Amino acid sequence: MEEDLHQIVNSCNYNGEDEEQGDPESNTLNQPLVKANRTLSSTPLALVGTKVSHIESLDYEINENDLFKHDWRKRSKTQVLQYIFLKWTFACLIGLFTGLIATLINLAVENIAGYKLLAVGHFLAQERYVTGLMVFAGGNLGLTLVATVLCVCFAPTAAGPGIPEIKAYLNGIDTPNMFGATTMIVKIIGSIGAVAAGLDLGKEGPLVHIGTCIASLLGQGGPDNHRLKWRWLRYFNNDRDRRDLITCGSAAGVCAAFRSPVGGVLFALEEVATWWRSALLWRTFFSTAVVVVVLRAFIEICNSGKCGLFGRGGLIMFDVSHVTYTYHATDIIPVMLIGVIGGVLGSLYNHFLHKVLRLYNLINQKGKIHKVLLALTVSLFTSVCLYGLPFLAKCTPCDPSIEERCPTNGRSGNFKQFHCPKGYYSDLATLLLTTNDDAVRNIFSSNTPNEFSMGSLWIFFVLYCILGLFTFGIATPSGLFLPIILMGSAYGRMLGGLMGSYTSIDQGLYAVLGAASLMAGSMRMTVSLCVIFLELTNNLLLLPITMIVLLIAKTVGDSFNPSIYDIILHLKGLPFLEANPEPWMRNLSVGELGDAKPPVVTLQGVEKVAKIVDVLRNTTHNAFPVLDEAEVPPQVGLGTGAIELHGLILRAHLVKVLKKRWFLTEKRRTEEWEVREKFPWDELAEREDNFDDVAITSSEMQMYVDLHPLTNTTPYTVMENMSVAKALVLFRQVGLRHLLIVPRIQASGRSPVVGILTRQDLRACNILQAFPHLEKSKGRKAH
C-alpha cells in the first residue's frame, strides 16, 4: 500500500505554481513535433477514504443501442410524466431530508457544546481552573474519540469534507463507497462529535456530503444490499440521472449549512458541477427552497425555547441588516488591500496544507491506532490552547453603556468573564471559549470598535492558522469553510482597527470582508461566495465592496497555486479533468496520442464466444469497438473488403451476455424480438463486470454472439488530426468515458477506428510521461 500511495502522490508532479507559456501556435500539427519514446500508460488508482482503491469512470453518455431506441419509441405519455414527476419528487425529498438532518446536527452540537461550556463556566466561577481544564479537555477528547473511531472502523470515506470526491464524481469519476448509508450515518454522528469537541472544523463540508448521500440513496432505492425493487425506480438506474440527483444534493447541503438557497445553487454550478442544463437549475433551486423552508420552520420553533440550549444560535446567520454601513471612495484602498492579503494568505494556506496532508498520509498509513492517536493529539492540543491562552489576555472593564450582560461565564455572549474580577471581561475568552459559530458571531459583531484588543486578535489569528493547518486531515468529518472564516475575520478586524479614523467602515464589516477574501484566496470561488455572504449578512449594501474583494483575492491566489480542492484532488490521485487544456496540447494530435497506446482491441458484429472470453480475461478495457464488413455500393469506389464501424459495446454488456448464455449455434444476426425477450432495457443499465464467476464450457466456446442489438451505434468520434486540446474540451463538456479516433482517409482494408481515448489518456501528466519533449518545450516557454 505504501508503494501505491507513493505512486499516487507523485503521479503528477505538483509544483505549487502555474507556468506561463509562450505562443503555443508556433508549431503546426502537421510538423513532426515529438516522437513518443514510451507507451502512454496510467494506473486507475486513487486514495479513497484512507486506502488505495481501483477507480473507474462513469457512463454518462446515453447508450443508443437497439434496445434503448425501442424503449424510447414505445414510452407512453404516462411513463414520461412518471419520470418527470419522480425527478421533482426526489428533488423535494432531498431538500426535506437534508434540512431535517442539518437541524438535527445543529441542535445536537449546540446542546452538547452548550452543556459542556456551562460545566466549565461553573468551575471558572469557583476559580477551580485546573478542574475546568480537565472537564473541558476530557469532554473534547471523548467526543473526538467517538468521531474518529466511527470513521476509522466503519466508514473511512466519511472522513474529511467529501467535496473533492463529489467534484470528481460529477466530473465522471466513480469513487467507491462514497455515498453509502453507512458513510452518511457516520458523517452525521462524526460531524456532531467533531464540531461539539471544539475542533477547528466546520459542519458545512460534511453537510454537502450528507446531501449527496441522501440523493444517491434515493435514486438507487436505498443501500446497496437492501435496495427497493420499485418499478418506477428503474428510470434512475443509470449514472446520468444519479449525477443530476447528486448535484441537487450538493446544493441542498450548502443551503443547509449557510441558510443560503441561491448561494447553494451557485455553489453547485460554480464549484462542483462539470455538466449543467436549465432543467437541472430549476430542480436544484427547488431543493434549496425546500431546505430553507424546513430550516425556517425549526428556527420559529426554537425561538420559543423548545430546543434546549439551541435558542437563536446554531444556524449560521449573521444578520447585520439592522446596521447601516457607510463607505466612500477613499475606502477603496483598504478594501483592495483586504483582497490582496486574502489572496496571498489563501495561497500560503493552500501551500502549507498541502505539505501537512502529505505528512498525515504517511502517519495514517501506519494503521488505525495511529489515526486515532493523531486525532486525539490534535484535540488535546486544541483544548489546551482554547482554555489556556485567555490567561495571557488582559482583563477589560465592562462598558456601562452597553445593554448586553457583562461579564458572563454563560455558553454565549460577547463578554466572557473567565478569570477576570467582577466588572471585567476577557476578550480572548469571548472568542476562544465558545462554539465556532458563536465565535464568528462575536467577531462579526458591529458597533464594537473597542471590544477586542489588537493583541487578542493577533493571538486568535495565529492560533487558528495553526489549528486550521493541523486539524484538517485527521480521521474525522471536517469542513474548510468555518476555519477559513475564522482566520479571515481575524485579520479583517485587525486591519479595520489599524485603519482607525482613516476609514468609515465598521470593524465588523472588515471582519466579513476578511473572511470573504480568505475564502476566495483559498477556494477560488467568486459568484457563489458573494451570494452566500450577502444571504448570511442580509445586507445588499455590501454587494459592491464584496465583489471587489472576491475578484482581487481570487486573481492574486490564482497567480500562486491551484485551489485547495484541486490540491486535495491531486493528492488523492483522482483523475479530474480541468476545464481548460494546457496550451501545449494544441501541438499534439489525437492520432499521435493514440499511436502511443497499445493497439485498439476490436470485436466483430457476430463474434465467437471464445474471442469474447479471451478479450475479457486479458484486458481491463471498459468498451470495445464493434466492426462489420460494409456493404458498399459499387459507385462509391471503395472496392471490396471495406469495414464499417458499427459502434461501441460496453464490457458490462458482454459480461451480461455470457452470464445469460445468449449464444447462437450459427453465425447469424438475431431478430429484434429475440433480444427484447432476453434483455430488459433497464437491466442493461446495471454494472455487471464481475467475470470471474462465469463458467463457459468448451462446446459453448465455439458458439456465437450477436453484438449488434447491444452496441451503441452512435459513439462520439474525432478525426485523427484533431488536437488533444480540442478533444479534451469535447470529452469533458459532454461527459464522455470513451472517445473513438477515426482515420482521415477511409480506404478498403483499413480499420475505420485507429484508437480509443479515455480519461486517463487525456490527463496532462500522463501525456507528458509519453511525450517528454513537450515538457521540455513547456519549460523553455515558461522562462
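Analyst: Gln507 lies in helix α17, which covers residues 507-523; helices (H or I, at least four residues) and strands (E, at least two) are DSSP runs, numbered from the N terminus. This is a predicted model, in which local features need pLDDT of at least 70 and side-chain atom pairs count only at pLDDT 80 or more, while totals for chains, interfaces and linings use all residues. Residues are numbered from 1 along each chain as its sequence is written, and side-chain values use heavy atoms, with hydrogens and water left out.

Gln507 counts as buried because its relative accessibility is 15% (buried is under 20%, exposed over 50%, partly exposed in between, with a 1.4 Å probe and protein chains only). Leaving aside residues up to four places away in sequence, Gln507 touches Thr448, Pro449, Arg493, Gly496 and Gly497, where contact means heavy atoms within 4.5 Å.

Turning to the sheet, three strands form an open arrangement in the order β12-β13-β14, with mixed pairing; two strands pair if DSSP finds at least two bridges between them. The edges are taken by β12 (717-719) and β14 (755-757), each of which has a single partner strand, so one side of each is left without a neighbour in the sheet. From one strand to the next the twist averages 35°, with axes fitted to C-alpha atoms and angles running from 0 to 180 degrees between N-to-C directions. Strand β13, residues 739-742, pairs with β14 in the antiparallel sense over three bridges, and Leu740 has Ile756 in β14 as its bridge partner.
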